Amino acid sequence: MYPELGLYIDGAWMKEGGRKLEPVLNPATEKTLAELPHATIADLDQALAAAIKGFAVWRAMPAYDRSRIMGKAADLMRERKEKIARIMTQEQGKIIAESRLEVDAAADVIEWMGEEGRRAYGRIIPGRVRGVRQLVLQEPVGVCAAFTPWNFPALTPARKIAGALGAGCALILKPSEETPGSCIEMVRCFEDVGLPKGVLNLVFGVPAQISEHLIRKEAVRKISFTGSVPVGKHLAKLAAEGMKRATMELGGHAPVVVFDDVDPEKTAEINAAGKYRNAGQVCISPTRFYVQDKIYKRYLDRFTEYAKGIKLGDGLEADSKMGPLANARRLDAMEALVQDCRNVGAKIAAGGKRRGNQGYFFEPTVVTDVPDDSKLMTLEPFGPVAPIVPFKTFDEVVQRANALPFGLAAYAFTGSANTATAIGDALEAGMVGVNAFAVSTAETPFGGVKESGYGHEGSIEGLEVYMTKKFIAQA
Ligand code: NAD
């Protein structure tokens with residue numbers, strides 16, 4: 001059921017062959033699923049040489065033909081959805097229903113960007129002198145390198161593949177070593193529909209070594225990273241040394257502002273469902289709940305009741321509503337966060353501890369009476385721990401919501417059109433959901449402000465970041 005793992009370089013799969021192997025674990029059982037080969041330096045150099053050749057072939061192909069290949073790969077992913085979803089749940093832990101949705105979203109963005117590549121129009125600017133043509137052309141930036149984490153093993157790699165290939169670039173992709181299987185199956189779809197060799201290459205290994213090696217190579221013209229703020233800053237510095245373009249999708253700590261003109265119970269249910277999706281391991285996860293004091297108690301009671309009712313279990317079991325955390329580091333991090341909450345006098349209204357002693361299960365947790373300067377309220381939690389605190393006025397909550405260095409997503413719930421407009425304008429974030437959590441689709445720009453990064457994925461912006469503009473003055 002779980003696939004054989006390998007590197008994909010120049011259109012060929014490379015397995016063990018004396019390479020160092022790393023076990024991939026199922027976080028629900030802690031059992032080894034398979035062994036993943038690490039790329040050697042020679043493998044990386046071969047991937048780069050393949051990407052340089054692949055770029056020449058791919059950029060020369062009309063966008064119409066590229067789009068057809070990407071569309072076919074997306075269709076094949078949809079056909080293989082169940083297989084890929086089951087692999088994803090085994091390696092990452094999320095419930096199977098979420099894995100299925102993720103495969104759909106990954107196929108969607110690949111298809112959409114392939115189509116959008118056909119509309120990467122330039123423009124003509126009237127010349128100052130008669131007979132002079134002034135043309136602006138969009139061209140693919142070149143060979144790209146992308147690095148993705150373990151929380152969305154298919155969708156995040158798909159976004160990088162979609163933007164790069166849609167623009168006519170070649171890509172060397174390094175997904176997370178902890179969740180390689182679903183991305184490998186996605187790449188297989190491209191192989192099976194005839195993507196030219198070298199256009200898409202897949203490597204695994206020691207993340208810091210691979211990124212440093214590739215980013216320093218002159219032929220790599222753009223990098224894209226999704227992950228934590230400290231790693232993003234490090235990679236941005238490496239990119240700056242070579243004056244390379246970079247897209248940085250980093251962490252967040254999304255505030256949720258709930259005004260007292262909403263139905264408290266209904267809003268609490270929607271908010272709790274959003275919070276515990278993928279066990280809270282989502283960069284745009286709602287993570288700090290500010291509830292206006294008049295409805296605070298009713299909201300908190302329903303949220304807490306909802307959290308306590310979530311069935312925790314192996315994501316492959318149909319009745320599980322939340323799976324394990326993806327790795328042991330998250331379990332340690334959640335235990336440390338909850339301990340810090342206790343130390344600063346907060347109250348645990350639900351959950352607060354590991355469940356069982358096999359698998360990385362952590363209970364859906366609700367914390368109250370937690371100070372704004374606590375770890376839980378200031379560091380990205382990346383797990384199923386929800387702090388819920390009251391507020392009084394609009395200005396006060398805006399100040400508290402915007403107080404952190406992050407600016408990825410922010411949310412607000414209100415029954416008033418005026419408040420909806422005002423809070424949408426006031427929140428400092430790249431994506432704001434007002435009465436909605438759906439801020440991530442193929443056709444809308446996904447990206448942050450402040451320390452949450454720069455650049456976008458999805459939408460026309462997500463294509464443009466893989467293109468350069470060339471001006472031609474033709475007399
Ligand atoms: P981490 O910060 O070391 O790693 C995050 C990701 O970056 C991993 O996939 C890792 O393989 C990769 N990475 C690390 N160093 C790298 C390097 N030098 N070059 C290239 N890639 C590198 O630690 P972690 O334990 O995996 O996650 C810790 C925190 O990262 C989480 O608490 C969360 O805040 C953040 N995170 C964010 C996202 C996101 O979607 N924005 C995803 C995963 C993790």
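User: What conventions apply to the numbering and the values?

Analyst: Residues are numbered from 1 along each chain as its sequence is written, and side-chain values use heavy atoms, with hydrogens and water left out. Because the model is predicted, local features need pLDDT of at least 70 and side-chain atom pairs count only at pLDDT 80 or more, while totals for chains, interfaces and linings use all residues.

User: Into which domains is the protein chain divided?

Analyst: Domain bounds come from an automatic or database domain assignment. Here the chain is divided into domain 1 (7-250 + 452-474) and domain 2 (254-441). Their centres, taken over C-alpha atoms, are separated by 31 Å. Contact means heavy atoms within 4.5 Å; 24 residues from domain 1 and 30 residues from domain 2 take part.

User: Which polar side-chain atoms lie by the ligand, and at what distances?

Analyst: A polar contact is a pair of N or O atoms within 3.5 Å; within protein, one must be able to donate a hydrogen and the other to accept it, and residues adjacent in sequence count only if both atoms are side-chain atoms. In this model, a polar side-chain atom of serine 211 is 2.7 Å from a ligand nitrogen atom, and one of asparagine 151 is 3.3 Å from a ligand oxygen atom. For arginine 330, a side-chain N or O atom lies 3.2 Å from an oxygen atom of the ligand.

User: Is lysine 160 buried or exposed?

Analyst: Buried means under 20% relative accessible area, exposed over 50%, and partly exposed in between (1.4 Å probe, protein chains only). Lysine 160 has 0% relative accessibility and therefore counts as buried. Leaving aside neighbours within four places in sequence, its contacts include Phe147, Glu249, Glu457 and Tyr466.

User: How is glycine 430 classed by its relative accessible area?

Analyst: Glycine 430 is partly exposed, because its relative accessible area is 33%. Beyond its neighbours within four places in sequence, glycine 430 is in contact with Gly407, Leu408, Gly447, Gly448 and Val449. Its C-alpha atom is separated by 22 Å from that of alanine 154, 276 residues apart along the chain.
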